[in-house]
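The report below concerns a single protein chain, whose sequence and structure are shown first.

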Amino acid sequence: MILANITDGRKTFVLAHAVYCSALGRCACLRALPRGRTRAAVLSLDEGEELRVARAVLSVPAVARAVARGRLRAEEGLR
Ligand SMILES: [Zn+2]
């Protein structure tokens, strides 16, 4: 799936483990060395930027809201 930021500003979303990783079916959190702690992955889109993302991002409420409000455009990929 392609996600495009169609606003005039940078958008950043935290992909919370309990929501995003569950929907994805694997943990996408970032592991911070040296202590091995994890923190949620972050999705950042500059204005006008398009990114190929996993469909699971739509399970993150803030992302779904941004799509519903027309701030992000979600397109099905061709594969
Ligand atoms: Zn995770």
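The sections that follow describe the overall fold, the sheet, the nonpolar core and selected residues.

## Model and confidence

The structure is a predicted model. The protein has a mean pLDDT of 93, and 96% of its residues reach 70 or more. Among the elements, the lowest mean pLDDT, 86, belongs to strand 3 (residues 30-32), and the highest, 98, to helix 2 (residues 61-68).

## Overall architecture

The protein contains 2 helices and 7 strands. Along the sequence these elements follow the pattern β-β-α-β-β-β-β-α-β. Taken along the principal axes, the box filled by the C-alpha atoms is roughly 40 × 25 × 20 Å.

Of the 79 residues in the protein, 14% are buried. Contacts between residues at least 6 apart in sequence were also examined by separation: 69% of them join residues at least 24 apart.

An open sheet is formed by 3 strands in the order 6-1-7, with antiparallel pairing. Strand 6 (50-52) and strand 7 (72-75) each have a single partner strand and stand at the edges, so one side of each is left without a neighbour in the sheet. From one strand to the next, the twist averages 20°. In general, the strands of a sheet pair through backbone hydrogen bonds, in either a parallel or an antiparallel manner.

Strand 1 (residues 2-5) is joined to strand 7 by 4 bridges, and the two run antiparallel. Within this pairing, isoleucine 2 has glutamate 75 of strand 7 as its bridge partner, and asparagine 5 stands opposite leucine 72. Strand 1 is also joined to strand 6, by 3 bridges and again in antiparallel fashion. Here isoleucine 2 stands opposite arginine 52 of strand 6.

## Faces of strand 1

In a regular strand, side chains alternate between the two faces of the sheet. In strand 1, Leu3 and Asn5 make up the covered face, whereas Ile2 and Ala4 make up the uncovered one. Leu3, on the covered face, is also one of the residues of the largest nonpolar core.

## The nonpolar core

Which residues form the largest nonpolar core? It has 10 residues: Leu3, Phe13, Leu15, Tyr20, Leu43, Leu45, Val57, Val63, Ala66 and Leu72. Strand 2, strand 5 and helix 2 are the elements that give two or more residues to this core.

Leucine 15, a member of the core, lies in strand 2 (residues 11-15). Is leucine 15 buried or exposed? Leucine 15 has 24 other C-beta atoms within 10 Å and is therefore buried, the cut-off for burial being 20 or more. Not counting residues up to four places away in sequence, leucine 15 touches Tyr20, Ala28, Ala40, Ala41, Val42, Leu43, Val57 and Val60. The C-alpha atoms of leucine 15 and leucine 58 are 10.0 Å apart, with a sequence separation of 43 residues.

Alanine 66 is another core residue. Leaving aside residues up to four places away in sequence, alanine 66 touches Lys11, Arg71 and Leu72. Leu72 is likewise listed in the core, and this leucine is the residue in strand 7 that stands opposite asparagine 5.

Arginine 73 is located in strand 7. With 13 other C-beta atoms within 10 Å, arginine 73 is partly exposed. Not counting residues up to four places away in sequence, arginine 73 touches Ala4 and Ile6.

Two loop residues complete the description. Glycine 48 is placed in the loop between strand 5 (41-45) and strand 6. Glycine 48 is exposed because 10 other C-beta atoms lie within 10 Å, and the cut-off for exposure is 12 or fewer. A distance of 6.6 Å separates the C-alpha atoms of glycine 48 and alanine 4, which are 44 residues apart along the chain.

Arginine 55 occupies the loop between strand 6 and helix 2. Arginine 55 counts as partly exposed, with 13 C-beta neighbours inside 10 Å. Arginine 55 and glutamate 76 are 8.8 Å apart from C-alpha to C-alpha, and 21 residues apart in sequence.

Conventions. Residues are numbered from 1 along each chain as its sequence is written. This is a predicted model: local features need pLDDT of at least 70, side-chain atom pairs count only at pLDDT 80 or more; totals for chains, interfaces and linings use all residues. Two strands pair if DSSP finds at least two bridges between them. Axes are lines fitted to C-alpha atoms, for helices over the stretch in contact, and angles run from 0 to 180 degrees between N-to-C directions. Two residues are in contact if their C-beta atoms, placed from the backbone, lie within 7 Å. pLDDT is the predictor's confidence in each residue, from 0 to 100. A nonpolar core is a set of buried Ala, Val, Leu, Ile, Met, Phe, Trp, Tyr and Cys residues joined through C-beta atoms within 7 Å.
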